[in-house]
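The exercises below are to be worked with the sequence and the coordinates open. Each one sets a task and is followed by a stepwise solution.

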Amino acid sequence: MKNFRPGVLYVRKAFLIIFDIMAVLVASVLAIAMRFDFDLNSIPTHFMNNVWSYMIINVVTTLIVFWIFRLYNSLWRFAGAQEFQNMVMACFINAVLLFLGTKVLALAVPRSYYFMFGFWQLAFTFASRFAYRFLRSLRKRQINEKLGNNVMIVGAGEATSLLLKEILNSDFVHMTVKCIVDDDVNKQGRYIQGVKVCGTRNDIVRLAEKYDIDEIIISMPAVSRKVRSEILAICQETNCKLQTLPGMYQLVNNEISVSKLRDVEVEDLLGRDPVAVDLNSILGYVQNKTVLVTGGGGSIGSELCRQIASHRPKHLIIVDIYENSVYDIQQELKHDHPDMQLTVLIASVRNTARMEYIFATYKPDIVYHAAAHKHVPLMEDSPHEAIKNNVFGTYKTANAAGKNGV
């Protein structure tokens, strides 16, 4: 609303009205001149006089018809098939009114005059409305070439057409789409919104180098994960930034836009659909139970604690040897679940006496054992620590659980 300027709208409407008045004058002269092969000297005087006699009426009916068909109220920067249809209908009806008006007033003109007038009026109307969009599009392309990334789109379907339309029309998106890639041989060499389909997936690396591509957009919401994974594997060879459109439902709901693009995620690289986990079924049995989590301050352990806490345990006990991380999860759970009974203990799973004391004291019903060194390359360099923690720590935790009937 900050950029809304009603004065600009009035100026634009006034310009279109003045242009249309001039267009009626010029179209009338061109129509009668075309009938006589543009030989002005051969035009009978009474024909020309009749054209001029009806001119004021012609101007008034044109402005009324054009107003009815919203030719002064459309946003021409977004004009499409509907606006063009309105222009055709307005010019056709105006030509019919011209025919009826001259007949009623007994103003004789050649029969072809009406068709030629309609043709020239449509041509001028189209030029006045779409010239702005054309010039704006040229300016937008120049800005994109200067400021935007060079982009390749993989997929030449409906989603790509919608995406290209937004890229070309939006003031907030600066991309230059250099080429499109699609495996359909029937689409090779064809154009979508002025962008050429230059090859198949096998040409991605070559085209990325040829057009100096900065970003690749995967625009195939309907393909299987296997196909998507194969194409992403090829795209990764280019070192370009990879983005993808979401699923098929966005295409069905007409929600395809640049704002819906997201970075490629791990799931996109899988050759299969990700496994859907029903956490409610898995964690439902922790309700009203005493649950102990070892390694509760780590990445896996802390997420386990969050999920367990959301399923209302009677008592959650977190055990970890590192106080900083376990303190963080403690404060988070206190804030998110203030009514839950929470105990946080500093202990090592390698300490037999400490683990047996914890199990004997708190009598947990369920134990999640997440205390382990998980970084494989580091553990390969320090295998003795991995064995002490992951092997003997697990053994001592399991042994304490067994002694206490957990």
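**Exercise 1.** Find the residue in S6 that stands opposite isoleucine 217, then trace the chain between the two strands.

*Solution.* 
Step 1. In this predicted model, glutamine 243 of S6 is the residue opposite isoleucine 217.
Step 2. The strands concerned are S5, residues 215-218, and S6, residues 241-244, which pair in the parallel sense over four bridges.
Step 3. Between S5 and S6 the chain runs through helix H8 (residues 225-235), and this β-α-β crossover is right-handed.

**Exercise 2.** Determine the strand order of the open four-stranded sheet and state which strands stand at its edges.

*Solution.* 
Step 1. Take S9 (residues 315-320) and S10 (residues 341-346): they pair in the parallel sense over six bridges.
Step 2. The order of the open sheet is S10-S9-S8-S11, with parallel pairing.
Step 3. S10 and S11 (366-369) each have a single partner strand, so they stand at the edges and one side of each has no neighbour in the sheet.
Step 4. On average, neighbouring strands in this sheet are turned by 15 degrees against each other, direction ignored.

**Exercise 3.** Which strands of the sheet do H13 and H14 touch, and what angles do the helices make with S10?

*Solution.* 
Step 1. H13 packs on the sheet with contacts to S9 and S10, and its direction makes about 175 degrees with that of S10.
Step 2. Helix H14 (residues 352-362) also packs on the sheet, touching S8, S9, S10 and S11. The direction of H14 makes about 165 degrees with that of S10.

**Exercise 4.** How many cavities of 30 Å³ or more does the structure hold, and which residues line the largest cavity?

*Solution.* 
Step 1. The structure holds one cavity at that cut-off of 30 Å³ or more.
Step 2. The volume of the largest cavity is about 40 Å³.
Step 3. The lining consists of Ser28, Asn50, Val51, Tyr54, Met55, Asn58, Leu98, Thr102 and Tyr113.
Step 4. Helices H2 (45-53), H3 (55-68) and H4 (81-104) are the elements that give two or more residues to this lining.
Step 5. By class, the lining of the largest cavity has five nonpolar, four polar and no charged residues.

**Exercise 5.** Describe the second largest pocket by volume, central residues and composition.

*Solution.* 
Step 1. The second largest pocket holds about 410 Å³ of space.
Step 2. It is lined by 22 residues, and those closest to its centre are Asp320, Ala371, Ala372, His373 and Asn389.
Step 3. The elements that contribute two or more residues to the lining of this pocket are S9 and helix H15 (376-381).
Step 4. The lining of the second largest pocket divides into ten nonpolar, nine polar and three charged residues.

Notes
Residues are numbered from 1 along each chain as its sequence is written. This is a predicted model: local features need pLDDT of at least 70, side-chain atom pairs count only at pLDDT 80 or more; totals for chains, interfaces and linings use all residues. Side-chain values use heavy atoms; hydrogens and water are left out. Two strands pair if DSSP finds at least two bridges between them. Axes are lines fitted to C-alpha atoms, for helices over the stretch in contact, and angles run from 0 to 180 degrees between N-to-C directions. Contact means heavy atoms within 4.5 Å. On a 1 Å grid over the protein atoms alone, a cavity is a set of points where a 1.4 Å probe fits but cannot get out, and a pocket is an open set with protein on both sides within 12 Å along at least five of seven lines; lining residues have an atom within 4 Å of a point. Grid points are joined across faces, edges and corners, and a volume is the space filled by probe spheres set on the points. Ala, Val, Leu, Ile, Met, Phe, Trp, Tyr, Cys and Pro count as nonpolar, Asp, Glu, Lys and Arg as charged, and the others, Gly among them, as polar. A crossover is right-handed if, with the strands pointing away from the viewer, the path from the first strand over the helix to the second runs clockwise.
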